[in-house]
Amino acid sequence: MSSEARLEYLRSIATANVIDSPSPYKSQKHQIKKKVNRRNKAARQLISDEQKRINGLLEASVSEENTQETCKRLVPKVTYFNINAPPSMKPPKKYCDITGLNGPYTSPTNNIRYHNSEIYQLIVKPMAPGTDQEYLKLRGANFVLK
Amino acid sequence: MSRDSSLPLLKIYTVEDLPLNTDPEPFIDVGEYDINRPIAIDFGSYNVRAGYTDLSDPNLVFPTRLTRHRDRKVAKTFTFIGNNTRLDQTVRSQSKTPFDGSIITNWDYVEDIMEYTFHHLGVKPNNGVQNPLIINERLACLQSQRQNWYQILFETFNLPKVAFGIDSLFSFYYNTQASNKSNGVVINCSHEETDIIPIVESQPILGECKRINWGGRHSVEFLSDILTLKYPYFPSKLSSFQYEYMYHNFCYTSSNYSKELENLLSLDVLEDKNIVIEVPFTEILQPKKSEEELKRQAEKRKETGKRLQEQAKQRRMERLVQKTEEYEYFSHVREQLIGQPKKTVLSVLQNAGFDDEADFKKYMYNLEKSLKRAQLLEADEHDDNNNDGDDDNNQNKFDLIDIPDSELTEDQIKEKRKQRFLKASYDARQKAKEEKARIAKLEEEARIKDQEWRETNLNSWIKDKRNKLNALIKKRKDKLKLRDEMKDRKSQVAQKRMQNLANLAEDSPRSKRNRHQASIDNDPNDTFGANDEDWDVYNDITQNPEAFDELLEEEYKEIVELEGKLLEYDPNFTEEDTLDAQYDWRNSVYHLFLRGPRPHDSEDPHQQHQMHLNVERIRVPEILFEPTIGGQDQAGIAELCETMVTKKFGSKPSQLSETALQMCKNVWLTGGNSQIPNLRQRIVNEFTSFLPSGTPIGVYISKNPSLDSWRGMSKFAQDEKLLNEAMITRKEYEEYGPDYIKEHKLGNCKYFE
């Protein structure tokens, strides 16, 4: 299909999906209202907002408890944070950062774990600066400059 | 390489980029429209599944992606959603998801996708959508997420009633509703996260849920990261779909990871576990030149080569003459200096521009060496080019040399200079020829002696040759090591060298005490230079890497020669003992990891476009059991299940409760990521390992886990009582506000107790 025909086809698809404005699927009242300007927050921001909200509620409940004897103190039950799986209790196994095999050795210069002397000679020793961080990043052991 | 040719070819899997969709998203024809017919939407971060709940399967399944495409020609912005984003390459590459991880961040996109869904479902709108809706939300979702959903659904789309529920609980409900088991564990392996939810008496115990922040998307990204590091110079860039394809088709959960790792990279195991991936590429064929053209080119090259050779020869000749003169002069000086007092020697040498005697020695040594080499070269060339007859003719032409300049005309003087030059080179040639003959004779003698030795006492001959070979190999190794160490500024060798240099550069003279001690200059026992090796000191590796390489090359030739002899006469010395065979890809872990169980030909364009998956196949799925591999400091699925079953719900590790035992008999895997092969078996193994032996275990996975959640919704809608309990009406929303949660057995519960 020629590029022009392709474009024409795409336009026809898009046009078939165009919904009249104001959209019949949406509440008229809502559309008459000025369109809300939503701010798109990043996930990290949203999570920290939630943390703030929960902490705020807890603090409020504590201070309330001090003034009124009868009020029950809030206990977090199910929040985004307390269902997060805890760290493992088992000693972490060591794997070669290059191959994924067992990695009993650690390079003294850049903390890369490696499987045997061959991997060390071929990969770890001549490793270009920066590549070591890429490898360490895989298991979250890289340096993060803040 | 003859033993490699017998190996059968490996199967090659071609991994193409995702083909474009040919058909656009369909519009569902619903016929008679019923506004009481509930709609279920499973709004996942990978796919959206939507449909009417009285059907067994969703009407629409499409990727949660949206593209705003600017058409410059008609100056309009078009929006493509779901399967329509896959109609065109550019549109697809620009598509975005409303999710950031497991959290929705772009609600404008959500609004558009929802509207698109209703549009394609054939909803007949009337100031909004009038059907009841069932929709999913994440386990323990953020309040802001729910608020936004409320807003969109009740305010924007004006829905009368909506039920929220957790997708993995819908799946569990779908799969176990018919059975009478009311306790169980749901392991939800989704695109963005992995959750474990215990269920007791049909009620999810959300307080004991655990979430691992690792899902299918992370696995695909991890695979792409490790493969880019494994093949840093891979010629083509793979799309995320290609990595996804590899993850889905070639990765599997290992039944016993540590055991499988141990022998994964052995030849026979690799034979069936190594996967060869080839990325499609266009082969570049060198255009063939016509024969005539080739001929012409060759001729041209030859001509230029000849000219250059002649020029070089001329230059070499001039240099040779100069060097010979110098050498003669300085040998003369040296002879004269023998027996003279030290002081005189030094002053003479310093006048001639040398630092001291050592410097002079070094200079002479180098001169001698280069002279010898040049003469040899000269002789070689001469033999190639001329017959001996020329030399005789030359003899007669040197008639002007012995006549003093004063008796000659200007032209003759010029001629004389030329003759002198020619004579010098002729002499040098003669000398070289003699030298060569002498060396050849010596060599011949040595050869005959060697042969005699071999014939009379083969064993001692072999022993001698082997020792020599070993010594040579060791020397070569040492040299290579030295070179490597020199490259590293921090190595001991390099540091020592720096120290020496620093000492030499030191200005202050040595202390008096030292001066009277024997030094390199006045040591009578100094035998430096007697041994050829001593001069290697001046062949500084860092300053003259070419010379060092040459040396290595020479040594290598010697090794090969020795090996050739041993191969011929030593019955115990085989092809495999040679230095070349010592490096065998079969023994190289790195080769097996990178290139699989076959030799690698770096020239083959097919092999250049191939990746080998072996360790990766089990390494990536293993992260669910050991999230630390992927940098998540969390416990894995197995450990979380173990804690849940053996320490919670009234269990002690020594005595499991009845509830816990029932839970073990009803473990359900759901979510798209649970389709990784062998996951079920691994979970069975893990449960077996931490439960008392003989405990009945039941781990289940449905045929299409990614649709289970939607099917659960549709089943849920059939149960009118349940549905009514869960439905939030618009009126309730308006009354209680966005904080309102209606608790039911498949949904989230309140944040606080």
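How many disulfides are there over all chains? The count comes to 0, where a disulfide is a pair of cysteine sulfur atoms within 2.5 Å. Before going on, some ground rules: this is a predicted model, in which local features need pLDDT of at least 70, side-chain atom pairs count only at pLDDT 80 or more, and totals for chains, interfaces and linings use all residues. Residues are numbered from 1 along each chain as its sequence is written, chains are lettered from A and ligands numbered from 1 in the order in which they are written, and side-chain values use heavy atoms, with hydrogens and water left out.

Back to the cysteines. Take B:Cys141: the closest cysteine sulfur, in B:Cys749, is 11 Å from its own, which is too far for a bond. B:Cys141 is also buried, at 7% relative accessibility (buried means under 20% relative accessible area, exposed over 50%, partly exposed in between, with a 1.4 Å probe and protein chains only). With 1% relative accessibility, B:Cys641 counts as buried.

Now for the strands. Helices (H or I, at least four residues) and strands (E, at least two) are DSSP runs, numbered from the N terminus. Strand 3 of chain B, residues 47–52, has 6 of its 6 residues buried, so it is largely enclosed by the rest of the structure. In a regular strand the side chains alternate between the two faces of the sheet. Here B:Asn47, B:Arg49 and B:Gly51 point one way from strand 3 of chain B, while B:Val48, B:Ala50 and B:Tyr52 point the other way, and all are buried.

Strand 3 of chain B has partners, too (two strands pair if DSSP finds at least two bridges between them). Strand 2 of chain B, residues 39–43, runs antiparallel to strand 3 of chain B, and 5 bridges join them.

Strand 15 of chain B, residues 275–278, pairs with strand 16 of chain B in the antiparallel sense over 4 bridges, and B:Val276 stands opposite B:His612 in strand 16 of chain B.

Next, the rings. A search of the whole structure turns up 30 aromatic pairs over all chains. One of them is B:Tyr173 with B:Phe716, an edge-to-face pair at 6.2 Å centre to centre and 80° between the planes. (Rings of Phe, Tyr and Trp, the last by its six-membered ring, pair if their centres lie within 6.5 Å; planes under 30 degrees apart count as stacked, over 60 as edge-to-face and the rest as tilted.) This pair links distant parts of the chain, 543 residues apart: B:Tyr173 is in helix 5 (residues 167–176) of chain B and B:Phe716 in helix 26 (residues 705–718) of chain B. B:Tyr173 is buried at 5% relative accessible area, and B:Phe716 is buried at 0%.

Another edge-to-face pair is B:Tyr245 with B:Phe250, 6.3 Å centre to centre with 75° between the planes. Here B:Tyr245 is partly exposed, at 32% relative accessible area, whereas B:Phe250 counts as buried at 5% relative accessibility. There's also an aromatic cluster, formed by B:Tyr329, B:Phe330, B:Phe354, B:Phe360 and B:Tyr363.

The charged end of B:Lys230 sits over the ring of B:Phe593, 4.0 Å from its centre, and B:Arg454 lies over the face of B:Trp461, at 5.3 Å from the ring centre. The rule is that NZ of Lys or CZ of Arg must be within 6 Å of the ring centre and within 35 degrees of the ring normal.
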